[in-house]
Amino acid sequence: MSQVDSAKLLYAILATDASLVAEVTNVVDGSSVLDLYGPPGMPIDFHIRKMFFFLGDGGPGDEELPIARESFSFFCYGDNSAEARSVYRKLRTALHRKAHTRITIDGEVHQFQWSQLLSGPQDDTDPVEGWNRVLCSFLVSFIEITL
Amino acid sequence: MADKLFRFSATLQINSRAKGFVKKAPGATEESMRRVLKYAKKDAQDRVAPGKGPGPHPHNWPHVDKGDKDGLMTSVKDAIWLQGFLTEGTIYTDSAYGTYLEVGWRTKAKNFYRYPWLKPAFLGALKYLPKLAAETFRSQMQNFPEDEIVKDAQLESWAGAAERWAKDMKALEAQAKTKQPEIPPAYKSHISPHARRPLAKGIPRGRPKENIDLGLEMKLDRERVGRERKHEAEAERAGKLDIKALRRTRRSSEAERRSEIDPIKATQQYERERERMQSIRDKRRKATHEAQDQAIQAANAKLKKATQPNIKAPKAPKVPKVPSVKRPRKKKS
C-alpha cells in the first residue's frame, strides 16, 4: 500500500474515457496527440486547439475514514468558444457524478469514490493570448491509499 | 471579460436554523461571519500587497500596485447579507487583474501561470470559524441569561391573559347593560318542580313524605344505636357487661342463623304458611258473607211482610173488540 497521487489517479480516470479521449485527441504534424494534461498545466509549445488540463486545489480529508476529498480546476480550450464548450461537455459527462471506479496504475489498485461539479462552467478568455476557454472545478474523492 | 464588468468573489454561508441559538444570541451568526471575513480579507490583502505576487504578470493590465485606491489590495472588500437564518459573507474584488491572478493565464513566454490569492486566504480563515463562532455564541449567550428568556415568555403569556381578561370583562359589561339580572341558583332551589306540574286531585304538592320519614327514621335509628352503645359502654365500665363477648355472641348467632337457613325448606314453609293464612282468610270471608246474606234475606223478608198487605185486587171488566175499517185507496191521476 502507498499513498495515492491524486493527479495521477484523476489523469488515469479521464484517459480511460473513450469519448473524452476522442474529443481532445488532435492530429499535430501527422501524428495524433492526446491533449489532456495535468499539473503543471499547458505545455509550452501548445497552440490553440481542443484541449483541457487540470490543476489541483487541494482539500480536506476525512477525519475517520481514509478518504481524500480534493478539488481540481479544469481549463477547457478550443479554437472558439463553441469548441471549448464541447470539450467541457465531454469532461462533465465523464466526471460529473462518477462513482466507485477501481483502476490499476503501475500494478497498484486505486479506488475512485466520487466526483461532482463544484463550480462553472464559466466562459473566459485568456488575457494574453485571447484564447477561448471554459473554467470549471470538480470535487474528487478517492481512497487515499492503494488497495 | 472587460474590467469593471464583473466581480470575483468568494462566499461563505452560515445556515443557523437552531431557533434557540438565534433567540439567545441574536447577533452571534453575523458577528461570527464578520470576524471570519476579517481574517480572510486581511490574508487576501497580504497576498496581493505591493511587492508581493508572481514574477510574470498579465501585461494587458497595469499591475503596478502601490497600495493606492487603484491597486488590487485596496480593491478587496467584504460584505455580509442577512437573510433570516441564512447569513452570507463575501470577499470580492472588481479588479480583473486580481481575477486573472487567481484563475491563471498564459504568459508571453508561453508558460501557464496562476497565483491563487483569494481562495487560499478564504480557506485559511475558515479553519478559525468553529473557534470564532463558539467564542461569539458563548459570550452572547452568557450575556443573555436564561431568566430573561423565561421572563420574556412569561410576559408574553401574561400579556395574552390580560388581553383575554379585558375582552371578557367588556363582554360582561355589555351583557349587564342589555340583560336583566337572573335569579341566583340559590333561590331557584326553593321552587319545587312538583309545584309546576299539573296534579291530580288528592295528590299533595311538594316532596313526598316518605323521604322525610325515611330521613327521620334513619336519624332515630342512629340515635338508638348511639344510646345502646353508650349503655353498653357504661355497663362495661361498671363491670356488668363483657362487650367483646357480646359482640362475639352476636356475630356467632348471626352466622349460625344464616348457616341454618335452607332455601328449599324456607320456601316450602313460606308456601305452607301462605296457604294456611289464605284458607283462614277464605273461611272468614265465607262466614262473613253467609252471615251477611242471611241477615239481608231476613231483613228483606221482614220488610216485605211489613210493606205488602195480603189484599187481592178486583178483576178488570172485559172490553168488546172494535172492528177495523179499511181506508179507501187514492186513484192515480
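## Where the chains meet

Let's start with the contact between the two chains: chain B brings 13 residues and chain A brings 11 residues. Here, two residues are in contact if their C-beta atoms, placed from the backbone, lie within 7 Å. On the side of chain B that touches chain A, α4 (96-103) and β4 (105-106) of chain B each give at least two residues. Helices (H or I, at least four residues) and strands (E, at least two) are DSSP runs, numbered from the N terminus.

This is a predicted model: local features need pLDDT of at least 70, side-chain atom pairs count only at pLDDT 80 or more, and totals for chains, interfaces and linings use all residues. Residues are numbered from 1 along each chain as its sequence is written, while chains are lettered from A and ligands numbered from 1 in the order in which they are written.

## The sheet of chain A

Chain A holds an open sheet of 6 strands with mixed pairing, in the order β3-β4-β5-β8-β7-β6. Strands pair if DSSP finds at least two bridges between them. Because β3 (36-37) and β6 (99-105) of chain A stand at the edges with a single partner strand each, one side of each has no neighbour in the sheet.

Which strand does β3(A) pair with in the parallel sense over 2 bridges? The partner is strand β4 (residues 51-58) of chain A. Within β4(A), A:F52 is the bridge partner of A:L36.

## A contact list to trace

Apart from neighbours within four places in sequence, A:L91 is in contact with A:L20, A:F52, A:F74 and A:C76.
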